[in-house]
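Hi there,

Here is the structure I promised to pass on.

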Amino acid sequence: MCDCAADSLSSPYFKFKHTVEGLKNFYEFYREVEKECNHSPTVVLESTGYYHEPVVQFLERKDIIYFLVNPIVSHGSKNTGMRKVKTDAMDAANLCELYYKEDLIPYQRKSIRILNLRHLTRQHDALTESYVEVKLKFQIVLDQLFPEYKKVFGHIYSRVSLKLLVEFPTPEKVLFVDREVLAQKIKENCQTRSYAWAVKKAHELVKAVSQDPFSTNTLSKPYYEFTHVCETITRIPRSSIYIKR
């Protein structure tokens, strides 16, 4: 940016902080270059999440055209060189080279709706990934705590199934409860089904206990971790539905 006026400028480059005073110093330097070169300097910066936002907002307030480079692009160009040493001066020089080598276009700020949509999309992807991880953990723990439970409910991630596991996570817990109480618990968490269906499921649950291959619990961790996993599985889909709306 400063080659045309390197001899007359106090310094060909400088650093500034993302503060009001730092941005003021940057603008003074920008105007100095503009005066010496008789045209507006080109501003190229790397996208750094929200860290570059103060600089970008300042540039827009001053009506300064700028080029915002994707870090993937700038990082790829740095890998083509032999030197792997990272310094601020070298990174700045690399961005300058990109300006001449690549077909960069001036950055245009996206609308609030687009930015919100991008944020929600990323949040949805993160929730989906978390949901898959939690379900895998759930399967591993259930296989150790109550392997025969899967035969009772066709969909073990249903509300009634998860609610029941929170209260009765092991065969031992089921044995200490009357079958009628089990049926009532099942009916409370599944209002769309009949009480006869709930009684049938309670009977199947007790039968699953009798067929359980583990005589004792093999997990060293307390049960509350498993119940926490069950509760998390019920919350994540609701959050995902809210994002879609």
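**Where α8 meets α9**

Arg179, Glu180, Leu182, Ala183, Gln184, Ile186 and Lys187 of α8 are in contact with Tyr195, Trp197, Ala198, Val199, Lys201, Ala202, His203, Leu205 and Val206 of α9 (contact means heavy atoms within 4.5 Å; helices are DSSP runs of H or I with at least four residues, strands are runs of E with at least two, and both are numbered from the N terminus).

Before you read on: this is a predicted model, in which local features need pLDDT of at least 70 and side-chain atom pairs count only at pLDDT 80 or more, while totals for chains, interfaces and linings use all residues. Residues are numbered from 1 along each chain as its sequence is written, and side-chain values use heavy atoms, leaving out hydrogens and water.

Now to α9 itself, which covers residues 195-210. Its buried residues are Trp197, Ala198, Lys201, Ala202, Leu205, Ala208 and Val209 (buried is under 20% relative accessible area, exposed over 50%, partly exposed in between, with a 1.4 Å probe and protein chains only). Seen down the axis of α9, these buried residues fall within an arc of 140°, so they line one face of the helix (the arc is that of the directions from the helix axis to the C-beta atoms). On the other side of α9, Ala196 and Ser210 are exposed. The partners of the buried residues are α6 (159-167), α7 (171-175) and α8 (179-188).

Asn38, between α1 (20-37) and β1 (43-46), has a positive phi of about 65° without being a glycine. Asp63, between α2 (53-61) and β2 (66-69), has a positive phi near 55° and is likewise not a glycine.

Best wishes

Methods: Expected span 1.5 Å × (residues − 1).
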